[in-house]
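Please keep the sequence and the model in view while reading.

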Amino acid sequence: AYRFPSLSESFYTGLTGRKYVIGNPLLEPETSWNIDAGLKYGSSNLGIGFYLFTNRVDNLIERYRNEDNIYTYDNIHRGSLYGGELELLYRPAEKVQLFGHFFYYHGRSSGTDDALNDLPAPRAKIGAKFFIGRLWIETDYLHSFKKTDPGPAEVANNAYHLLDIKGGMYLNSYFFVYMKISNLFNETYYANPDPDIPPAKGFGISSGLHVYF
């Protein structure tokens, strides 16, 4: 793969949502090679998927933040990334679905062994969905592990866990109503290790009506 620096990375200088940013017109284009592999099994009651990847990016364009909270960009010699995902769907009964998902990503500079930006902490999600006639109810639990290896424009991020409950009903072939209760524990958390984002929203209830044509 081949990627030129974006206009923002190369030339933009000014205020953004990340405060002050200084572009770098001397950036080199990235080149990379990527390998993906996976195994997947599916039947009427069970689905399992397992996936692996590895990427090597030469002249990786990395984002940096200094002590004055000013961001800029520079190339590093090479970035190496790898990771994997696991997904599961199981139907123990006709009206019941159990599901889960887990991923882990890891990335380092090959020259300095420093961590890279934009790699989320490992996350695991499990849930269940039930069908009762035209009504369905779903609950899912997400655990995000602690981010202990922030990149040069990031900060360490605490672990957090979320519990959501949602449900809906098909009134007919045209109308569908739903309700969702999110962040049932009303936990204060940061969704990623960006030092300039606000905390994510707490406990919330939402509902709506979908109309199909």
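How many residues lie between S5 and S6 in the hairpin that they form? The count is 4, and Asn69 in this turn has a positive phi of about 60°. The model is a predicted one, in which local features need pLDDT of at least 70 and side-chain atom pairs count only at pLDDT 80 or more, whereas totals for chains, interfaces and linings use all residues. Residues are numbered from 1 along each chain as its sequence is written, and side-chain values use heavy atoms, with hydrogens and water left out.

Two terms are needed at the outset. Helices (H or I, at least four residues) and strands (E, at least two) are DSSP runs, numbered from the N terminus. Two strands are said to pair if DSSP finds at least two bridges between them.

Strand S6, which covers residues 70-93, has several partners to consider. With S5 (residues 46-65), S6 runs antiparallel and is joined by 19 bridges; within this pairing, Gly47 has Leu89 of S6 as its bridge partner. Strand S7, residues 96-109, also pairs with S6 in the antiparallel sense, over 13 bridges. Here Tyr90 is found opposite Leu98 of S7, and the hairpin made by S6 and S7 has 2 residues between the strands. The relation of S6 to S3 (residues 19-22) is parallel, with 3 bridges. In that pairing, Ile22 faces Thr72 of S6.

Asp58 is located in S5 and counts as buried, at 17% relative accessibility. The classes are set by relative accessible area: buried means under 20%, exposed over 50%, and partly exposed in between (1.4 Å probe, protein chains only). Apart from its neighbours within four places in sequence, Asp58 is in contact (heavy atoms within 4.5 Å) with Pro29, Glu30, Thr31, His77 and Arg78. The C-alpha atoms of Asp58 and Asn75 are 8.7 Å apart, and these residues are separated by 17 positions in sequence.

Asn59 also lies in S5. Its phi is near 55°, a positive value in a residue other than glycine, and Asn59 is partly exposed, with a relative accessible area of 30%. A further case is Asn186, which is not a glycine but has a positive phi of about 55°. Asn186 is placed in the loop between strand S11 (175-182) and strand S12 (204-211); its relative accessible area is 48%, and it is partly exposed.

The view now widens to the whole protein. It contains 1 helix and 12 strands, in the sequence order β-α-β-β-β-β-β-β-β-β-β-β-β. The C-alpha trace spans about 60 × 40 × 35 Å along its principal axes. The radius of gyration is 22 Å, whereas a compact globule of 213 residues would have a value near 17 Å; this quantity is taken over C-alpha atoms, and the globule rule is 2.2 Å times the number of residues to the power 0.38.

Of the 213 residues, 31% are buried. Among contacts with a separation of 6 or more, 52% are between residues 24 or more positions apart. The protein exposes about 13100 Å², of which carbon and sulfur atoms supply 60%; accessible areas come from the Shrake-Rupley method with a 1.4 Å probe, and for residues only the protein chains shown count as cover.
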